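This report describes selected features of the model shown below.

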Amino acid sequence: MTSKISFRDVTRTFPVNNGAFTALDGVSLDIGEREFVTVVGPSGCGKSTLLALAAGLDEPTSGEVTVDGERVTGPGPERGMIFQQYALFPWLTVRRNVEFGLRLTGLPAAERRARATHAIELVGLADFADALPKTLSGGMKQRCAIARAYAVDPEVLLMDEPFGALDALTRVQLQDQLLRTWSAQRRTVLFVTHDVEEAVYLARRVVVMAARPGRVQEVVDIDLPYPRTEQMRLSPQFAALRNRVWNAVYHQPPAAARP
Amino acid sequence: MDIGVPGESKAAGGTATGAARATARPAGRRKGRSVPAPVLNVIALVLGLAVWALLAWRGVGGLPGPLAVARRGGDLLRDGTLEGDMVASLRRVLIGFALGTALAVVVGFLMGWYPVVRGLCEPYIQFFRAVPPLALIPLAIVLMGIGETPKIFVIFLAAFLSSVVATLQGVVGVDRTLIDAARVLGARDRTIFLRVVIPASAPFILVGMRVGLGSAWATVVAAELIAAQEGLGFRMQHAETYYDLDTIFVGVIAIGVLGLVMDRLLLLAERRITRWQERR
Ligand SMILES: Nc1ncnc2c1ncn2[C@@H]1O[C@H](COP(=O)(O)OP(=O)(O)O)[C@@H](O)[C@H]1O
Ligand SMILES: [Mg+2]
């Protein structure tokens, strides 16, 4: 499998008042073309930092992040990002939010409209195209943000705890919707979550990270077939995988003890 | 019983989520039998006039009654004095206010956007914020003479200082993730500035403008004490020398009414422009 996103010995330190804080320490990771990879880990282990580096919103202190073999030097429309807090422009309607990225590409208005409409329909927000974000529920807001990312048709989707603020039912619905679109369009997805169940349900591989310093603890292959179903969620294999990831996340040896 | 003042602004910061609706329309949404706020307002006005009339009738402090003041107001209107004074005062306020807030928006944005500009400007802005604009009147007269310039300058400064900080806060407070979201969608600095930073800080700017207008209007009366030939402040000052209380009352009322009208107009604009805001 060719690798779409590559982290090569990536370290990111932040200057703090007494020296430097190591948010990521020598992270190496390859994400294959059209692969769905989730990242779990305790809070503060550098998950958001990892995504920001892939998005080009941040730069590694040392090491290299490449997408399609090219070094990431800034954000690009081939990499879409979804934030936990939705990050919708509150002064724009759903449609205008979705069109935001398209307007920057200089697309003809008719085409822009058509693509926005398509993205809005894909996430089931057609009836709310002219609504302002403040009138939407959390789940609808996140669907709008997802449509906004889909609209520019990125090859890579970077998602930072996108369903973290939603209620359990909405979360499951959006997980299934995300998997459906992914199956149909096969983007590369790097999905950060702190929910072990979600990590296992969505991914082909789960990257477990550890904190202080942020690093990759373990990568767990999820050899469950797609499409994932509710049955699968309740199966013994799923439970076994979930336990394994759970243990990797919550029973981490302290940093000093690692080889 | 608690009474909502109609149109009371909740512009900067609010409280509980549930209060959102009630904030927007305080009048109609109170418990069943209570009197609507506008009616109470009218009752208050009538009562106030009655108390005033009573005090005047009893001859307290040589106070002129409402009727005398209304008559004087009518006279001043008829001979064009009041209109001329209002136009003169409004002209000064509007010019000073327009220049002040326009510069405040530009400087506020630059300060918020470039830390260097902020570092350079901040000490001066903090210093002049600590000086009441009126305290600069003597200086302005000496430096700029007794024409229109020093008056407009002082009003300009009052408006500028009170809205520059609001603009700065707006720009600094723009949610980082909104900027990040725009960047990953392909926006460059210029686009981010025009399509994210400006709309996101619009509510702050408008609040700043309202505060700026308030302090500009408050400053005009004092500014017109600088050897003016007309203006509401001048008229009252002039009337004072003749112990002409009627005219002073007319001046006070005109200043209040004009100030209120301008504030409500800005509030209306603010409401329209920031309709997208979640009223917390
Ligand atoms: N700009 C920054 N300056 C200083 N420290 C930061 C900065 N960004 C992140 N960090 C620190 O780096 C660590 C990892 O942050 P983050 O990637 O947000 O963790 P996660 O998303 O896994 O919770 C945290 O301890 C955080 O405090
Ligand atoms: Mg995070």
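Predicted model: local features only at pLDDT ≥ 70, side-chain atom pairs only at ≥ 80, totals over all residues.

## Annotated span, ligand site and an interchain contact

An unreviewed UniProt entry annotates residues 5-232 of chain A as "domain: ABC transporter".

The shell around ligand 1 consists of Phe14(A), Phe21(A), Ala23(A), Ser43(A), Gly44(A), Cys45(A), Gly46(A), Lys47(A), Ser48(A) and Thr49(A). By class, four of the shell residues are nonpolar, five are polar and one is charged. At least two residues each come from β2 (19-32) and α1 (47-55) of chain A; α1(A) gives the most, with three residues.

| Residue | Protein atom | Distance to a ligand 1 oxygen atom |
|---|---|---|
| Cys45(A) | polar backbone atom | 3.2 Å |
| Gly46(A) | polar backbone atom | 3.1 Å |
| Ser48(A) | side-chain N or O atom | 2.7 Å |

Ligand 1 exposes 560 Å² when taken alone, and the protein buries 61% of that area.

In chain B, Arg275(B) belongs to the segment that follows α11 (245-273). Because its relative accessible area is 49%, Arg275(B) is classed as partly exposed. When neighbours within four places in sequence are set aside, Arg275(B) is in contact with Leu132(A) and Lys134(A). Within chain B, the C-alpha atoms of Arg275(B) and Pro203(B) are 9.6 Å apart in space, although 72 residues separate the pair in sequence.

Methods: Residues numbered from 1 in each chain as written. Chains lettered and ligands numbered in written order. Heavy atoms only, no water. Helix = DSSP H or I, 4+ residues; strand = E, 2+ residues; numbered from the N terminus. Buried < 20%, exposed > 50% of the residue type's maximum accessible area, 1.4 Å probe, protein only. Contact = heavy atoms within 4.5 Å. UniProt positions renumbered as here; feature names shortened; annotations may be inferred. Near = heavy atom within 4 Å. Polar contact = N/O pair within 3.5 Å; in protein donor to acceptor, adjacent residues only side chain to side chain. Areas by Shrake-Rupley, 256 points an atom, 1.4 Å probe, with all protein chains shown as cover. Nonpolar A, V, L, I, M, F, W, Y, C, P; charged D, E, K, R; others polar.
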